[in-house]
Amino acid sequence: LTLWSDGQGSYLRPLLQLDSAVFWEHEAWLGESNANVGGHVDLWSEWGIEFGLDGAWSLAGYGTLRGAASGIFTTSRFGPDPAGSNLDFDHEHPTEVTLEDASVGWSSGNLFPELGEDALDLSVGSQEYAVGTRFLFGDGATDGGRRGGYWLGMRRAFRMTAIARLATG
């Protein structure tokens, strides 16, 4: 869905992502969840919503300026998760809304034709950054605890980042 577009690379789009899961773990911790995490683990659910806007503005022959802003709401319901991440808080309903993305960036377009289209890309702000498949490096935020939503893991943005990319093809 696009809210606005000029047909030449400029646009404004809404962002909406809904995630939910219900978990049932019979005999968590081999039936010893009270002893291991301090609470009975059996049934819990997690809910999350990411909402925001992203857009871009074509600068004709000088590349593209872009920006994004989003927030995330997460909660856990019904009881503690098996990691015990929400036991020290209101474990019935840990809930939080946080800022996720708040970034601006610029891509070079065809400004440097010898390097290729969008060879240079610069961005700053709160944004996602990953290396490869995210196995070692790719999550800059925390979930769970008083935020809820530990297993959904919706928060990924690194705060106060500056990223410079050079991709010459």
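Which residues make a nonpolar surface patch of about 740 Å²? The patch is made by Leu1, Leu3, Trp4, Leu12, Leu53, Trp57 and Leu65. Patches consist of residues with over 30% relative accessible area and no salt bridge, with nonpolar side chains (Val, Leu, Ile, Met, Phe, Trp, Tyr) joined within 5 Å and like charges within 9 Å. A salt bridge is a side-chain nitrogen of Lys or Arg within 4 Å of a carboxyl oxygen of Asp or Glu. Accessible areas come from the Shrake-Rupley method with a 1.4 Å probe, and for residues only the protein chains shown count as cover.

This is a predicted model, in which local features need pLDDT of at least 70, side-chain atom pairs count only at pLDDT 80 or more, and totals for chains, interfaces and linings use all residues. Residues are numbered from 1 along each chain as its sequence is written, and side-chain values use heavy atoms, leaving out hydrogens and water.

**The sheet**

Seven strands form an open antiparallel sheet in the order S1-S2-S3-S4-S5-S6-S7. Strands (E, at least two residues) are DSSP runs numbered from the N terminus, and two strands pair if DSSP finds at least two bridges between them. S1 (4-5) and S7 (158-166) are the edge strands; each has a single partner strand, so one side of each is left without a neighbour in the sheet. S2 and S3 (residues 43-58) pair in the antiparallel sense over 14 bridges. Pro14 has Leu53 in S3 as its bridge partner, and Leu53 also belongs to the nonpolar patch. Another patch member, Leu12, lies in S2 (residues 11-24).

**The core**

The largest nonpolar core has five residues: Ala28, Val37, Val41, Trp44 and Leu87. Such a core is a set of buried Ala, Val, Leu, Ile, Met, Phe, Trp, Tyr and Cys residues joined through side-chain atoms within 4.5 Å. Beyond its neighbours within four places in sequence, Val41 is in contact (heavy atoms within 4.5 Å) with Glu25, Ala28, Ser33, Pro80, Asp81 and Pro82.

**Exposure and loops**

Buried means under 20% relative accessible area, exposed over 50%, and partly exposed in between (1.4 Å probe, protein chains only).

| Residue | Relative accessible area | Class |
|---|---|---|
| Leu12 | 32% | partly exposed |
| Asn110 | 53% | exposed |
| Ala60 | 69% | exposed |
| Asp118 | 34% | partly exposed |

Ala60 lies in the loop between S3 and S4 (64-77). Though not a glycine, Ala60 has a positive phi of about 55°. Asp118, in the loop between S5 and S6, has a positive phi near 55° and is likewise not a glycine. Asn110 lies in the loop between S5 (95-107) and S6 (120-127). Asn110 and Gly61 are 49 residues apart in sequence, and their C-alpha atoms are 6.7 Å apart in space.

Methods
Helix = DSSP H or I, 4+ residues; strand = E, 2+ residues; numbered from the N terminus.
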